Amino acid sequence: MRLVRLFACAGLVASLACALVHAGSFMANPIRLVVPAGANATSLTLENTGGEPVLVQAEVLAWSQADGKDVLTPSEDLVVSPPIFKVAAGASQIVRVGVVRRNAGDRELTYRVFLQEVPEPPAPGAQGVNVALRLGLPVFVMPRANTAPQLAWRAVRDPGGVRITVTNSGNAHAQLIECRVVRENGTVVAELPLAAYVLPGSTRSWVVKTGGVSSAEKLRLSVQTAGGLVSADITGP
């Protein structure tokens, strides 16, 4: 019985390995777009690093945050040119992102531009699945006013870890890279990659697991942001 099961598993693996899985391969540069105050547009370069031509379609979504989560809604504030295009293998395409809605306030406007591969229809009789690549690039449209994030941090002990909460009351986004929980002597207790944005007027929260740390120990939070290193005391029992 065991041999039968082994042969059955081997047959399943072999059948999956024989299935064709197609996925395009392209990359964008830069991966984060900023439209300066008063500018009409910015641009990026999309490079096809695969061995086949790739058809790409663009989509613009307004980007906000609510209850600690990203909210994306269709928007016509930006226009992408060309909106759909084909890039030959090894070639590149310049894509312009133009501003339709002017920034009349004193807070940056935030969007996501998605570049979605449009898979070719499968050939008759072909087996497998097409996997479409999708890139989401943040776009920040700057106002004429000076912009900066203003972050307020709170770090409290949570069962099994430390809960960190950050509120951005400024008029520009903050980019968080990673956070660490450290002892008084600087020893790292735990760390958590964040790779997250906190948009203006938004609050976000994470839990850093710190199992095995005594409740009597004094701990500090150290967060690496795009603007520098931030530290805060960790409170609570």
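How many aromatic pairs does a search of the whole structure find? In this predicted model, the search returns three aromatic pairs. One of them joins Trp 63 and Tyr 197, whose ring centres lie 5.5 Å apart with the planes at 90°, so the arrangement is edge-to-face. This pair links distant parts of the chain, with Trp 63 in strand β5 and Tyr 197 in strand β16 (residues 188-198), 134 residues apart.

Because Phe 140 belongs to strand β12 (residues 134-141) and Tyr 197 to strand β16, the contact ties together parts that are 57 residues apart in sequence. Phe 140 is buried, and its relative accessible area is 0%. Through these ring pairs, Trp 63, Phe 140 and Tyr 197 are linked into a cluster.

Arg 112 lies over the face of Trp 63, at 4.2 Å from the ring centre. Likewise, Arg 134 is placed over the face of Phe 114, at 4.1 Å from the centre of that ring.

Strands β5 (54-66) and β10 (109-117) each supply at least two residues of the lining, and β5 gives the most, with four residues. In terms of residue class, the lining of this pocket consists of six nonpolar, four polar and four charged residues.

A separate region of the model concerns strand β2 (residues 26-29). In a regular strand, side chains alternate between the two faces of the sheet. In β2, Phe 26 and Ala 28 form a covered face, whereas Met 27 and Asn 29 form an uncovered one. Strand β2 pairs with strand β4 (residues 41-48) in the antiparallel sense, over four bridges. Within this arrangement, Asn 29, from the uncovered face of β2, stands opposite Thr 45 in β4.

Note on methods: Residues numbered from 1 in each chain as written. Predicted model: local features only at pLDDT ≥ 70, side-chain atom pairs only at ≥ 80, totals over all residues. Heavy atoms only, no water. Nonpolar A, V, L, I, M, F, W, Y, C, P; charged D, E, K, R; others polar. Buried < 20%, exposed > 50% of the residue type's maximum accessible area, 1.4 Å probe, protein only. Pairing = 2+ DSSP bridges. Phe/Tyr/Trp six-rings, centres within 6.5 Å; stacked < 30°, edge-to-face > 60°. Lys NZ or Arg CZ within 6 Å of the ring centre and 35° of its normal.
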